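Here is a short report for a reader meeting this structure for the first time. It starts with one term, then turns to charged pairs, and ends with the whole chain.

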Amino acid sequence: MIMLVQFPWSPFCITLRRMLERNKIPHRIRNISPDRDRSVVIRATKGHGYSVPCLVDSKTAVVDRTPFGQEVARYVDHKYRLGLFPRGKEGIQLILAQYIEDQLEDVGFRVNDSCVVPTLPLVERVMLIRYKERKFGKGCIAQWTRDRGKLCRQFGELLQPLDNMLATSPFLIADRPLFVDYDLYGIVENYLYSGKTKLPALKYLRRWHRALARPGSQL
């Protein structure tokens, strides 16, 4: 049985987790702390990987190595023949993934961090704040907390073009979920993770979200 090594609220881990769950792929979850212990990933990849999601399949361990490479998702897609990366959709999926994983995720994770990080146990909270401040500047979590309302409005604005796409299609670019649907689902669920936020009032996006949250067909 494959194992997904993850942080529970990581948008990219949520993407992989939903792929596995919706397609009823047997798996187990290994949660690790986002602030410190990556040893399970380092050992599984023999020192070649550090990031999550990390998929461990017997003696094979896969992590994403390149920007927008989606190596873990493509491994699952190939192994279980899910058809999430049809050749004719490669171009549009890459363009959409760049928008989803860059502009949308950049706003969504700040909202989630402002809600979740202050609730963590002391040591984990302090270590994670140190990590965030080295990357985004001193006081970043406090600033995101002050700006949460503005960030939530921005997140909704960034979702609007995707809602427009969903007005004429049940999923983003096909009549069934492709990788970009799971990609978007991970970003949205990260934004919602704390329970302190709600989906924007976008009719077609909400319909899409309900559909993707339902179980898929048995492999």
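A residue is called buried under 20% relative accessible area, exposed over 50%, and partly exposed in between. Glu21 has 38% relative accessibility, so Glu21 counts as partly exposed. Arg18 is buried, at 8%. The model is a predicted one.

**Charged pairs**

Side chains of opposite charge can pair when their charged atoms come close. How many salt bridges does a search of the whole structure find? The search finds five. Three of them are described here, among them the pair of Glu21 and Arg18.

| Salt bridge | Closest N and O atoms |
|---|---|
| Glu21 and Arg18 | 3.3 Å |
| Asp57 and Lys79 | 3.1 Å |

Take the pair in helix α1 to begin with. This helix covers residues 11–22. Glu21 and Arg18 both lie in it, three residues apart. That spacing is about one turn of the helix.

Helix α4 holds another such pair. It covers residues 90–116, and both Asp106 and Arg110 belong to it. They are four residues apart, again about one turn of the helix. Asp106 is partly exposed, with a relative accessible area of 30%. Arg110 has 18% relative accessibility, so Arg110 counts as buried.

The remaining row of the table is Asp57 with Lys79, whose closest N and O atoms are 3.1 Å apart. Asp57 lies in strand β3 (residues 54–57), while Lys79 lies in helix α3 (residues 71–80), so the pair ties together parts that are 22 residues apart in sequence. Asp57 is buried, with a relative accessible area of 14%. Lys79 is partly exposed, at 39%.

**A buried arginine without a salt bridge**

Arg22 is found in helix α1. Arg22 is buried yet has no salt bridge. Which side chain of opposite charge is nearest to Arg22? It is Asp181, 8.8 Å away.

What does the side chain of Arg22 reach at 3.3 Å? It reaches the backbone oxygen of Arg214. The side chain of Arg22 also reaches the backbone oxygen of Leu212, at 3.5 Å.

**A residue in helix α5**

Met127 is found in helix α5, which covers residues 122–136. Met127 has 32% relative accessibility and counts as partly exposed. Met127 and Ala211 are 84 residues apart along the chain. Their C-alpha atoms are separated by 37 Å.

**The whole chain**

The secondary structure comes to nine helices and four strands. From the N terminus on, the elements run β-α-β-α-β-β-α-α-α-α-α-α-α. The radius of gyration is 17 Å, close to the 17 Å that the globule rule gives for 219 residues, so the chain is as compact as a globular protein of that length. Along its principal axes, the C-alpha trace spans about 45 × 45 × 30 Å.

Buried residues make up 51% of the 219 residues. Contacts in the chain can also be sorted by sequence distance. Among those between residues at least 6 apart in sequence, 67% join residues at least 24 apart. The accessible surface comes to about 11200 Å². Carbon and sulfur atoms account for 53% of that surface.

Definitions and conventions: Residues are numbered from 1 along each chain as its sequence is written. This is a predicted model: local features need pLDDT of at least 70, side-chain atom pairs count only at pLDDT 80 or more; totals for chains, interfaces and linings use all residues. Side-chain values use heavy atoms; hydrogens and water are left out. A salt bridge is a side-chain nitrogen of Lys or Arg within 4 Å of a carboxyl oxygen of Asp or Glu. Helices (H or I, at least four residues) and strands (E, at least two) are DSSP runs, numbered from the N terminus. Buried means under 20% relative accessible area, exposed over 50%, partly exposed in between (1.4 Å probe, protein chains only). Lys and Arg count as positive and Asp and Glu as negative; His and the chain ends are not counted. A polar contact is a pair of N or O atoms within 3.5 Å; within protein, one must be able to donate a hydrogen and the other to accept it, and residues adjacent in sequence count only if both atoms are side-chain atoms. The radius of gyration is taken over C-alpha atoms; the globule rule is 2.2 Å times the number of residues to the power 0.38. Contact means heavy atoms within 4.5 Å. Accessible areas come from the Shrake-Rupley method with a 1.4 Å probe; for residues, only the protein chains shown count as cover.
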